[in-house]
Amino acid sequence: MDRPPGMMDVAREAGVSHITVSRVINGHPSVRPETRTRVEAAIEKLGYRRNSVARALKSRRSSTIGVVIVGSDLFELPRILLGVETAAKAAGYWVSLASRQGESTTGDLVETLQRLTDQSVEAIAVVADRPVAVEALTRLAIGVPVAVVMSGNVPSPDLSFVEVDQELGARLAVRHLLGLGHRDIAHLTGALRTFDARARVEGWRAELAAAGAGGALLEGDFSAESGFRLAHELCAADADLPTAVFAGNDQMAMGALAAFAERGVRVPQDVSVVGFDDMKGAGYLVPALTSVRQDFAHLGRSAIEVLVRMLGGEPAERHKIAPDLVVRRSTAAARTARP
């Protein structure tokens with residue numbers, strides 16, 4: 001063999017699946033004794049990660065938590081990872097990172113997870129922005145505790161979910177505008193293939209319906225360019241300009257502010273604008289941007305805390321973090337006369 005033996009080589013030698021090998025390495029209790037003996041013999045014969053695996057087999061611990069990043073629309077990833085690393089270190093764990101960017105398939109995700117289980121990780125946090133990743137996880141037998149970060153409404157009794165309540169954030173934004181007298185609130189959405197954009201649409205729609213108000217829905221992609229384009233479309237439409245705009249994120253809100261400035265539409269006198277994320281520098285836009293604040297570091301810390309509880313024998317759980325609304329100068333009372 002020209003390369004070091006891998007988990008698949010051990011699986012073939014022992015006549016089992018790579019998931020079974022992973023379970024043996026990680027001390028999973030569901031493996032039959034005779035199967036465990038066969039896998040351990042294959043590990044010994046092939047010399048697969050002899051030292052690290054031997055330690056894991058002896059102690060049942062590798063002191064490592066894997067983190068998988070799936071998707072290319074993940075905002076403020078560094079702050080999430082900072083929270084993950086800080087909490088993992090405090091709990092006595094190292095972090096092993098793997099990523100799949102762009103349109104990952106189920107096969108890609110399986111390969112990435114296998115890379116982590118090859119390293120004998122004790123648990124895995126999956127930072128995912130789209131349904132395909134979570135749907136794939138519900139069909140895989142990984143053999144270690146898994147927590148999905150920035151997830152969606154995909155039920156699974158074996159997976160934990162840790163997320164900021166995106167629908168609540170949208171409701172807070174729309175509720176603030178309704179309180180200022182706005183009854184026509186347009187929503188410039190993010191990319192609807194993602195969890196966050198879908199949840200924000202639901203929150204916007206539900207809050208308007210509860211108040212008997214309305215507004216146009218225009219689909220974007222979370223970029224400043226799409227916010228700029230969609231705001232121009234609002235200005236060019238035959239219908240009256242809405243009195244308020246709820247943007248899918250702060251980048252889109254920034255693009256909308258630029259488009260309104262080009263069109264001579266005053267913010268907030270003519271149109272109020274609310275963003276989402278409270279990105280660094282949002283308070284220095286002109287005007288300073290009202291936005292929904294997410295605590296991304298808290299999100300990362302919570303994922304590790306959930307995994308540590310699962311490693312201690314606790315069941316999977318769903319943990320939602322409430323966002324906050326930061327009110328600044330981009331929102332004001334609704335105008336009484338249309339421009």
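D277 is found in strand β9, where a strand is a DSSP run of E with at least two residues and a helix is a run of H or I with at least four, each kind numbered from the N terminus. Phi of D277 is near 120°, a positive value in a residue other than glycine. At 3% relative accessibility, D277 counts as buried; buried means under 20% relative accessible area, exposed means over 50%, and partly exposed is in between, using a 1.4 Å probe and protein chains only. What about the rest of the strand? β9 is mostly covered, with 6 of its 6 residues buried.

Before going on, keep in mind that this is a predicted model, where local features need pLDDT of at least 70, side-chain atom pairs count only at pLDDT 80 or more, and totals for chains, interfaces and linings use all residues. Residues are numbered from 1 along each chain as its sequence is written, and side-chain values use heavy atoms, with hydrogens and water left out.

Now let's zoom out to the sheet. Strands of a sheet pair through backbone hydrogen bonds, either parallel or antiparallel. Here, 6 strands form an open sheet in the order β7-β6-β8-β9-β10-β12, and the pairing is mixed; two strands pair if DSSP finds at least two bridges between them. β7 (217-219) and β12 (324-326) stand at the edges with a single partner strand each, so one side of each has no neighbour in the sheet. On average, neighbouring strands of this sheet are turned by 20° against each other, direction ignored.

You can walk across the sheet strand by strand. β6 and β8 pair in the parallel sense over 4 bridges, and L188 stands opposite A247 in β8. β8 and β9 also pair in the parallel sense, over 3 bridges, and the bridge partner of A244 in β9 is S272. Further along, strand β10 (residues 290-293) and β12 pair in the antiparallel sense over 3 bridges. There, S291 has V326 in β12 as its bridge partner.

Which way do the side chains go? In a regular strand the side chains alternate between the two faces of the sheet. In β8, A244 and F246 point one way while V245 and A247 point the other way, and all are buried.

Next come the helices that lie against the sheet. α10 packs on the sheet, touching β6 (185-189), β7 and β8 (244-247), and its direction makes about 145° with that of β7. Contact here means heavy atoms within 4.5 Å. α11 lies across β6, β8, β9 (272-277) and β10, running at about 155° to β9.

Helix α10 (residues 224-236) and helix α11 (residues 250-263) pack at an angle of about 40°, with their axes 6 Å apart. α10 and α11 are therefore oblique to each other: angles under 35 degrees count as roughly parallel, over 145 as roughly antiparallel, 65 to 115 as roughly perpendicular, and the rest as oblique. Residues of α10 in this contact include F228, L230 and H232, and those of α11 include M252, M254 and F260. By class, the contact of α10 with α11 has 12 nonpolar, 5 polar and 2 charged residues. In this scheme, Ala, Val, Leu, Ile, Met, Phe, Trp, Tyr, Cys and Pro count as nonpolar, Asp, Glu, Lys and Arg as charged, and the others, Gly among them, as polar.

F222, in the loop between β7 and α10, has a positive phi of about 80° although it is not a glycine. F222 is buried, with a relative accessible area of 13%. In the loop between α11 and β9 you'll find P268, and a cis peptide bond joins V267 and P268, with omega about 10°. Another cis peptide bond joins V286 and P287, with omega about -5°; P287 lies in the loop between β9 and β10.

One last stop is helix α2 (residues 18-25), which is mostly covered, with 7 of its 8 residues buried. Among them are H18, I19 and V24.

Note on methods:
Axes are lines fitted to C-alpha atoms, for helices over the stretch in contact, and angles run from 0 to 180 degrees between N-to-C directions.
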